[in-house]
Amino acid sequence: MSLFGKPKAGGFMDEIRCDEPSYLIWKWHPAGSVAENNNRENAIRWGSSLRVKDGEVAVFVYRQSDGTMQDFIVGPFDKKIETSNFPVLASIVGFAYAGGTPFQAEVYFINLANIVQVKFGVPFFDVYDPRFLDFGVPVAVRGTVSFRISDYREFIKLHRLNNFNLADFQRQIRDAVSRYVKDTVTNAPAAHNIPVIQLESKTAQINDVVEYDIGERLKETFGVTVSGVDIGAIEIDKQSDGYRQLMAVTKNITTAKMQAEATDYVERLRIQREEGQYAQHKQTQSANIGAFQVEKQAEVGIAGAEALGHMGENGAGGVDLGSGGAGFNPAAMMAGIAVGGAVGQNIAGTMNGMMSGINQQPTIDAVPPPIPTISYHIAVSGHAAGPYDMNTLSAMVRSGQLTAATLVWKSGMAAWSRADAVDELKGLFKTAMPPIPPTEN
């Protein structure tokens with residue numbers, strides 16, 4: 001039942017609804033109302049019906065002397081306007097509207113389902129590589145941002161409904177997005193380590209950064225939810241002086257770096273080759289150690305023979321009798337004897353080696369084999385354990401882990417046998433300490 005009963009005779013009811021095919025914010029006007037005439041433009045008759053489709057919200061704005069109040073009707077909704085449906089209406093409508101007088105309210109429909117797309121374009125602006133701040137490269141960006149209204153209460157706080165204009169709102173969104181995109185692309189070389197000349201190929205990476213940044217900022221500033229940002233292209237002015245100069249500097253650095261890497265690579269190959277040759281040489285010497293020893297002994301013998309042949313030079317081996325340069329030189333003679341002895345030993349060693357065979361391997365100091373130890377496996381819970389040496393077995397006897405009935409086996413035995421049946425183990429049980437009997441209380 002309505003608050004004021006039946007309307008006056010001759011009146012007609014309003015049907016408040018939005019039939020716009022595409023909109024974001026739409027203001028309803030009563031039939032026959034005149035724009036800018038607040039008395040009739042906002043007059044709503046009692047008993048009028050309200051239809052709100054799914055994905056819409058109807059906002060009733062009541063302007064009173066003590067402030068502005070709002071009712072939000074979220075679709076789907078199709079009922080008559082009554083105080084039970086409009087909580088605020090019951091508190092603001094007074095005796096001034098008795099007798100069915102229309103009450104004053106502005107009605108706005110907000111489309112929560114509609115996604116609005118706004119194309120944006122950022123004209124050429126200079127982007128600098130942090131390594132080469134002298135060269136500004138002109139860059140332009142174009143794309144599309146998609147958004148919708150999800151938190152309508154926050155949206156209404158940020159924007160006045162009575163003077164809302166979609167074209168103006170789209171322009172505001174476009175300007176804000178262009179500003180945010182420009183800031184992101186300008187900072188991309190320093191913040192995300194993207195070279196300026198590679199911005200075109202990093203569109204997807206920059207798009208992800210821009211989408212997150214724009215989503216947070218538009219939600220805070222405009223009360224809308226960004227559903228997607230699509231950067232269609234990042235264009236670099238490749239005819240500009242800045243781009244050409246940056247390319248030249250980058251090319252020189254790249255060439256120098258490649259040359260340095262090539263030189264380093266060649267040097268590494270040389271070292272690897274020499275190390276491989278040296279290793280191969282040592283491997284060949286090890287495989288033919290006998291021939292290598294003979295070769296070295298022969299070299300020593302030849303060197304000794306040459307030294308012996310030069311002993312007479314400069315009077316080293318002459319006899320000086322004390323007058324006219326004739327005399328006996330004992331030091332030179334002793335040196336000759338020593339060299340001759342060394343040569344003789346080397347030649348003798350070489351001959352012995354040749355007689356015993358060139359390829360005979362050198363004698364290696366014999367290392368005595370390890371002293372054999374006696375060890376046995378023991379059977380524990382059906383599984384073989386060990387082997388254990390005699391000291392360990394003796395300790396196991398003392399601890400009770402090894403008994404006379406335990407099965408044992410070692411290499412050479414045909415089968416498992418009781419420990420007390422093995423001659424080598426019988427002595428362990430004769431000296432074993434018997435277990436301590438339990439103490440009686």
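The predictor's confidence in each residue is expressed as pLDDT, on a scale from 0 to 100. The structure is a predicted model, in which local features need pLDDT of at least 70 and side-chain atom pairs count only at pLDDT 80 or more, while totals for chains, interfaces and linings use all residues. Residues are numbered from 1 along each chain as its sequence is written, and side-chain values use heavy atoms, with hydrogens and water left out.

Over residues 1-11 the pLDDT stays under 50, and the model has 14 contacts (heavy atoms within 4.5 Å) beyond four places in sequence for this stretch. The pLDDT is also below 50 over residues 94-100, a stretch with ten contacts beyond near neighbours in sequence. Where pLDDT is low, the predicted coordinates should not be read in detail. For the protein, the mean pLDDT is 75, with 64% of residues reaching 70 or more.

Ten helices and 18 strands are found in the protein, taken as DSSP runs (H or I, at least four residues, for helices; E, at least two, for strands) and numbered from the N terminus. Of the 441 residues, 32% are buried, where buried means under 20% relative accessible area, exposed over 50% and partly exposed in between, with a 1.4 Å probe and protein chains only. Among contacts between residues at least 6 apart in sequence, 66% join residues at least 24 apart.

Helix α4 (residues 166-191) has 26 residues and, at 1.5 Å a residue, should span 38 Å, which agrees with the 35 Å between its end C-alpha atoms; the expected span is 1.5 Å times one less than the number of residues. At the start of α4, a side-chain oxygen of Asn165 comes to within 3.0 Å of the backbone nitrogen of Ala167, and just after the helix Asn193 adopts a positive phi of about 55 degrees. The buried residues of α4 include Phe169, Ile173, Tyr180 and Val185, and their cover includes β10 (116-129), β11 (132-148), α3 (152-158) and α5 (203-222).

Six aromatic pairs are found in the whole structure, pairing being assigned to rings of Phe, Tyr and Trp (its six-membered ring) with centres within 6.5 Å, and planes under 30 degrees apart counting as stacked, over 60 as edge-to-face and the rest as tilted. The rings of Phe147 and Phe169 are edge-to-face, because their centres lie 5.9 Å apart and their planes are at 70 degrees. This pair links strand β11, which holds Phe147, to helix α4, which holds Phe169, across 22 residues. Phe147 is buried at 0% relative accessibility, and Phe169 is buried at 2%. Ring pairs join Phe147, Phe155, Phe169 and Phe222 into a cluster.

Conventions:
Polar contact = N/O pair within 3.5 Å; in protein donor to acceptor, adjacent residues only side chain to side chain.
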